[in-house]
Amino acid sequence: MKKSLTLFALVVISFFTFVACTQNTELTSEGDITITFWHTYGDSEEEVLLNTVMPLWNAAHPNITVNTVRQDGSQYHEMIVTSFATGNGPDVARIDISNTASYANQGGLVALNTFADFATLSATYLEGPLSTNLFKGNYYGLPLDTNCKAAVVNMDLLESELGLTTIPATMEEFITAAASRGSYSINVSGVGDWDLYPYFWLFGGVLTNDAFTQATGYLNSQDSIDSINKLLDLHTQNIFTIRDIDGTADAWAGIQDTYVMFFEGPWYGFSDNIVASTIPTYEGRSASVVGGEDIAVFTTSEHQEAAYEFAKFMTSEEVQLAMLTVGQLPILKSLVTNAAVVSNPKWSVYMQQLESAMARIPSPNNDEIKTIWSNAMTEIFLNHADVATTLNAAATAMDAELD
Amino acid sequence: MKRMLLTKKRLKKGLKGWLSALPFILPGLILVSVFILYPMIFTIQISLSDYRIVTGEITPVGLLNYKNVLFETKEFWYAYRNNFLYAIVTVPLIIFGGLIFSYLVNNLKKGQTFFKVGFYLPVITSWVIVSLVFKYMFGNSNTGMINYLLVDVFHILDDYVPWLYRQWTGNGAIWLMGIWKNMGWAMLIFLASLQGIPKELYESASIDGAGIWNKFRYITISAVKPTIYFVMVNMIIGAFNVFIQVMLLTSGNPNGTTTVLQYLLYNRAFSKFEFGEASAIGLISAVTIVVLTIILNRTFLLDQNRNGE
């Protein structure tokens with residue numbers, strides 16, 4: 001009996017001693033700091049990050065080692081949420097602009113405007129991308145890269161199917177030319193905010209007031225109803241198709257031989273025939289939606305100053321220009337007219353389109369707002385619900401989610 | 001006085017017994033407490049609170065999370081309905097198919113291993129891989145195999161169908177995947193059970209003039225009845241744990257009509273940070289499974305008693 005108890009006690013003590021010993025295995029020399037940076041860059045972006053950007057950092061900050069960790073994009077949000085609970089998250093991370101407010105609301109991000117140089121630094125950023133970090137009077141990140149949707153056009157089909165030799169400046173011209181074709185000329189993937197907002201805004205729809213505090217009177221206004229009716233009309237005329245509703249081909253596949261135009265970010269797939277252009281205006285109005293990423297410092301970080309230093313470095317001119325080579329549009333005012341941007345036919349289009357691009361509603365309840373929007377659009381386009389009634393209900397539901 | 005001494009002696013003996021057993025049961029007890037009891041109690045606590053994941057702040061809110069889950073949106077009821085529909089549609093088909101195929105394989109003179117491996121392959125294939133294959137099969141336009149066959153090859157339909165973005169075709173794809181993936185497991189369990197039936201029973205039945213159907217009905221079915229119960233309970237519990245195929249095939253679209261409880265739970269916790277509501281959904285699922293298992297248990301036990309009478 002005594003023997004087994006002693007044996008058991010020994011096992012327990014050994015276990016806890018082992019656990020205690022494994023707690024501090026990372027040995028660093030005095031003054032040296034190691035921080036972790038999470039990102040979801042693709043292959044080409046990661047190559048530039050590792051081979052161009054990180055050597056610059058290492059040369060400038062020999063005492064701060066940055067572990068760059070590429071995470072799976074599809075489960076990135078979930079990984080960050082889990083890391084909040086476990087405390088095993090990164091010190092600094094590249095996050096989607098639509099999530100900044102919700103992470104800040106959970107207390108997961110450090111308010112960067114508390115750092116002394118923030119005011120000077122923030123003056124160098126473009127207003128739109130910077131504003132995605134603002135939540136309840138504080139900035140919880142720095143803008144890292146930006147993008148928006150512009151028109152992607154198949155020039156061959158534009159000529160052979162619509163009889164146009166140049167991309168029309170107005171949507172009215174495009175619609176008139178596409179009306180007689182009899183098959184879909186414009187495609188959108190789904191009914192989500194990123195997909196439909198540019199069309200909704202282009203045809204005159206309004207989501208909320210300027211302060212993003214009220215949807216009633218805006219989302220259900222006559223302008224918004226007319227905008228959705230315009231889309232329904234184009235859908236009925238076989239000009240505009242929604243992949244998820246109609247079962248039609250995906251945008252990038254369809255633009256090769258079926259669709260003449262769709263709106264998309266500056267990703268890939270462009271060629272001499274598939275070109276980027278600013279979105280044709282409708283009633284003299286242009287519209288697009290802002291995308292992009294912020295870089296944020298996590299409250300769970302033990303080296304918040306070093307993490308902030310790295311975040312600042314990632315928004316510096318040399319890093320922004322390096323990342324531009326792989327399609328990450330810069331967020332610095334000083335680079336808007338830079339030769340590298342202006343001389344590139346694709347980047348220049350997107351930078352020009354950014355001028356009329358609008359941000360999605362910045363809110364910690366972003367996911368709920370997205371759901372309200374897509375549910376309403378599904379009701380209208382799939383279940384043929386009455387537009388005014390559906391938008392009324394959506395506006396009331398959205399009001400409850402806005403601050 | 002004597003009685004008191006006796007009780008004291010018994011207590012001492014009992015305590016001594018417990019103390020000698022303690023070193024053996026303690027590791028298990030610690031593991032159960034840490035990995036089962038504590039999470040369970042913590043889940044109940046969170047379901048009654050507003051839980052902030054970063055700070056760990058827990059503010060009691062009573063039954064608010066349950067009220068929100070049950071009455072604020074239609075999604076929960078779609079999910080609840082879909083879990084029941086999944087069980088109602090897939091469990092009988094898995095049992096029926098598993099039984100038929102196991103019977104056929106059991107009667108094979110040659111090639112049993114080949115068919116066993118063939119039927120079991122879907123079971124050991126990753127859910128993610130199978131989901132991607134199904135996503136390709138039910139894909140839009142001519143990039144989806146079913147659309148391509150129905151529209152471009154056989155001209156049965158005029159237009160492509162977004163199978164995964166419709167309530168019933170989306171649910172149908174989820175059910176089909178569940179049946180295809182689980183039938184091999186049921187077949188193997190039934191096969192093991194069938195191999196335990198004495199051949200003499202079939203021989204005597206043949207001498208008595210019983211045909212294939214009667215032998216199947218009166219010998220095979222009777223012998224595998226407990227196995228059918230085992231497979232049924234496992235499959236019903238499994239039906240309330242459906243998750244991966246919903247996440248990868250439909251994501252609950254359109255408008256939550258193809259969602260299920262586990263996906264809804266995941267969505268509430270990780271997308272909306274509503275950990276209280278997610279815990280409430282988890283507990284409602286758990287209670288439902290327990291109640292269903294008790295009902296099934298009682299039904300089958302009653303059946304056994306009746307047989308014994």
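**Strand pairing and contacts**

Reply: In this predicted model, strand β7 (residues 150-154) of chain A is joined by four bridges to strand β10 (residues 261-264) of chain A, and the two run antiparallel.

Me: Which sense of pairing links β7(A) with strand β11 (residues 274-277) of chain A, and over how many bridges?

Reply: The sense is antiparallel, and four bridges connect β7(A) with β11(A). Within β11(A), I274(A) stands opposite N154(A).

Me: Why is β7(A) described as largely enclosed?

Reply: A residue counts as buried if 20 or more other C-beta atoms lie within 10 Å of its own. Five of the five residues of β7(A) are buried, and the strand is therefore largely enclosed by the rest of the structure.

Me: What makes the sheet of chain A open and its pairing mixed?

Reply: The five strands follow the order β9-β8-β10-β7-β11 (chain A). The edge strands, β9 (240-242) and β11 of chain A, each pair on one side only. From one strand to the next, the twist averages 30°.

Me: Which helix packs on this sheet, and which strands does it touch?

Reply: Helix α16 (residues 345-354) of chain A touches β7 and β11 of chain A, and its direction makes about 35° with that of β11(A).

Me: How do you know that chains A and B are in contact?

Reply: The criterion is a pair of C-beta atoms within 7 Å. Contact is found between 28 residues of chain A and 21 residues of chain B. On the chain A side, α3(A) supplies the largest share, five residues. That side comprises 10 nonpolar, 11 polar and seven charged residues.

Me: What describes the contact between the two domains of chain B?

Reply: The assignment gives domain 1 (24-62) and domain 2 (65-308) of chain B, with C-alpha centres 31 Å apart. Nine residues from domain 1 of chain B and eight residues from domain 2 of chain B take part in the contact. On the domain 1 side, α1(B) gives the most, with four residues.

Terms used. Residues are numbered from 1 along each chain as its sequence is written. Chains are lettered from A and ligands numbered from 1 in the order in which they are written. This is a predicted model: local features need pLDDT of at least 70, side-chain atom pairs count only at pLDDT 80 or more; totals for chains, interfaces and linings use all residues. A residue is buried if 20 or more other C-beta atoms lie within 10 Å of its own, exposed if 12 or fewer, and partly exposed in between; C-beta atoms are placed from the backbone. Two strands pair if DSSP finds at least two bridges between them. Ala, Val, Leu, Ile, Met, Phe, Trp, Tyr, Cys and Pro count as nonpolar, Asp, Glu, Lys and Arg as charged, and the others, Gly among them, as polar. Domain bounds come from an automatic or database domain assignment. Axes are lines fitted to C-alpha atoms, for helices over the stretch in contact, and angles run from 0 to 180 degrees between N-to-C directions.
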